[in-house]
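Work through the following exercises with the sequence and the model at hand. Each task is followed by a solution in steps.

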Amino acid sequence: MANTSVAEGAVRTLPDNLKLVTVLSIDGGGIRGIIPATILAFLEAKLQELDGPDARIADYFDVVAGTSTGGLLTAMLTAPDANERPLFAAKDLARFYIQHSPKIFRHKSGMRSKLASTLRMACGPKYDGKYLHGLLRRYLGNTRLDRTLTNVVIPTFDIAYLQPTIFSSFELKHRPWKNALLSDISMSTSAAPTFFPPHYFETKDENGRRRGFNLVDGGIAANNPLCVLQTLCAMNQVSQDIILGDDDLFPVMPADYGKFMVISLGCGSNRNRRYCAKAAAKWGVFSWLFKDGNAPIIDMFNSASADMVDINLCVLFRALRSSQNYLRIQYDQLTGSAGSIDDTSKENMDRLVRIGNKLLDMNVSRVDLETGRIVEVPGAGTNAEQLAKFAKQLSDERRRRLQDELTSSEPEVEFHVQHQAWYGDSPSTVEVGDLVPGGGEEGVVATYESCMAHGGCCSSDVAASELEAVVFGNMWNSWGEAAGFGLHLQDV
């Protein structure tokens, strides 16, 4: 949901009137980002059916998290345009990939070109990244992390410090030097080793000191079990602020994941493509980087990070009996070129769109903790049906928050309660907000509503901007002594 910019002096927080913390997480996977893009288009269309054509993904999620290609999608969904609305509608995401990916992953046809590309990977990245960098600069411009339309979490990995660097909206209060350009963050999280060069950039802290970053794809950070990437990364960042006692955040206990609603989108995998130790024992550098049209080491990183998140969240939500709050959509039957992260042929990209649409019609599934395979959840329906249910929940939560904001923003009406109270023989005036003794209770806050709730009645005459109310009767008994206190409320 929209937040005020840190640049304007505000602190990026979550709404204090929420009942659910809504999280969207998007995996990495290169060109396979077309798959979650297709699913996001469906989800946004469902939200528009409920709330009108201007509804956008960023309006409904408290946190959007993504790494690699998921980080690109995160930036595209949450970066503001000139009218402070999302730069991209979800329906435009797949079209963007189809239009620009052939230039990002530029290929030359012919056996000689393929051999040259393979040799180039041995001594440098397969692609120079110049087209991608120019594209991100053009679309994201000078937009910084604090300007996103909702909170984002984008992991990267710093090769200078050999540790994860997570760009999180929640961290800007304590680490303003992380308020980097979205274009730099996006270039960094998509800099998959062997495919794109690492990305270097600098920021300045509040004292003007420079801080340099040497970053590669956030998928590397999956090796750190304390920051399991994407979905868990987003939830851990929120919980971390609560644990540290940040009073600006909402009243949710640090591990109260029952209050989280999570949609986690994968970019597809191939469970049937497995490697055996005997064969891999004979591999050299080339085979680990390029084998049968794939990059085994990259496949392993991506699969490990996605599965680690899914397994942990499945167990966590199940233990808290909140499984209905977690939806993971992943396709594990990719074959051939569809499993590649850089095959940008028209045939393959069209196929990825079809896979995304096919996923919507498939039944909801979970990772089997024993076999690692994805199995259907009995009685859960299709992914499309679950997304429609989640869209309704998202819409209801947003409407409730907007209603709360309208109620809280209405000008307060000053009540002049014209009555007196006698405690025994001593008269005293009772004003709205006073704590007064009441039948069997230690005290009751005197409000217009509490008077009515206890059987009182009133007449009112609105004059100017004030409402003058005359309270008749007794809040506890009908016009007489309050039990045990001898309290009378009398018209003046």
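**Exercise 1.** Classify L162 as buried or exposed, and describe its place in the chain and its backbone.

Solution. The model is predicted. Step one is the accessibility: L162 has a relative accessible area of 65%. Step two applies the cut-off, which is over 50% for exposed, so L162 counts as exposed. Step three locates the residue: L162 sits in the loop that joins β3 (151-158) to β4 (163-168). Step four turns to the backbone, where phi of L162 is positive, near 55 degrees, although the residue is not glycine.

**Exercise 2.** Determine how α5 and α6 are oriented relative to each other.

Solution. Two packed helices are described by the angle between their axes and the distance between the axes. Helix α5 covers residues 130-140 and helix α6 residues 182-189. Their axes lie 9 Å apart and form an angle of about 150 degrees. An angle over 145 degrees counts as roughly antiparallel, and therefore α5 and α6 are roughly antiparallel to each other. The crossing of α5 past α6 is right-handed.

**Exercise 3.** How many cavities of 30 Å³ or more does the whole structure hold, and what lines the largest cavity?

Solution. First, the search finds four cavities of 30 Å³ or more. The largest cavity holds about 250 Å³ of space. Its lining has 22 residues, of which G30, T69, L72, F105 and F196 are closest to the centre. Second, assign the lining to helices: α2 (69-78), α3 (93-104) and α10 (296-319) each contribute at least two residues. The largest share comes from α3, with five residues. Third, sort the lining by type: 12 residues are nonpolar, nine are polar and one is charged.

**Exercise 4.** Place D396 in the fold and relate D396 to D51.

Solution. D396 belongs to helix α12, residues 383-409. With a relative accessible area of 37%, D396 falls between the cut-offs of 20% and 50%, so D396 is partly exposed. D396 and D51 are 345 residues apart along the chain, and their C-alpha atoms are separated by 9.9 Å.

Key. Residues numbered from 1 in each chain as written. Predicted model: local features only at pLDDT ≥ 70, side-chain atom pairs only at ≥ 80, totals over all residues. Heavy atoms only, no water. Helix = DSSP H or I, 4+ residues; strand = E, 2+ residues; numbered from the N terminus. Buried < 20%, exposed > 50% of the residue type's maximum accessible area, 1.4 Å probe, protein only. 1 Å grid on protein atoms, 1.4 Å probe; cavity = no way out; pocket = protein on both sides within 12 Å on 5 of 7 lines; lining within 4 Å. Points joined across faces, edges and corners; volume = space filled by probe spheres on them. Nonpolar A, V, L, I, M, F, W, Y, C, P; charged D, E, K, R; others polar. Axes fitted to C-alpha atoms, helices over the stretch in contact; angles between N-to-C directions. Parallel < 35°, antiparallel > 145°, perpendicular 65-115°, else oblique. Left-handed = near helix turned anticlockwise from the far one by under 90°.
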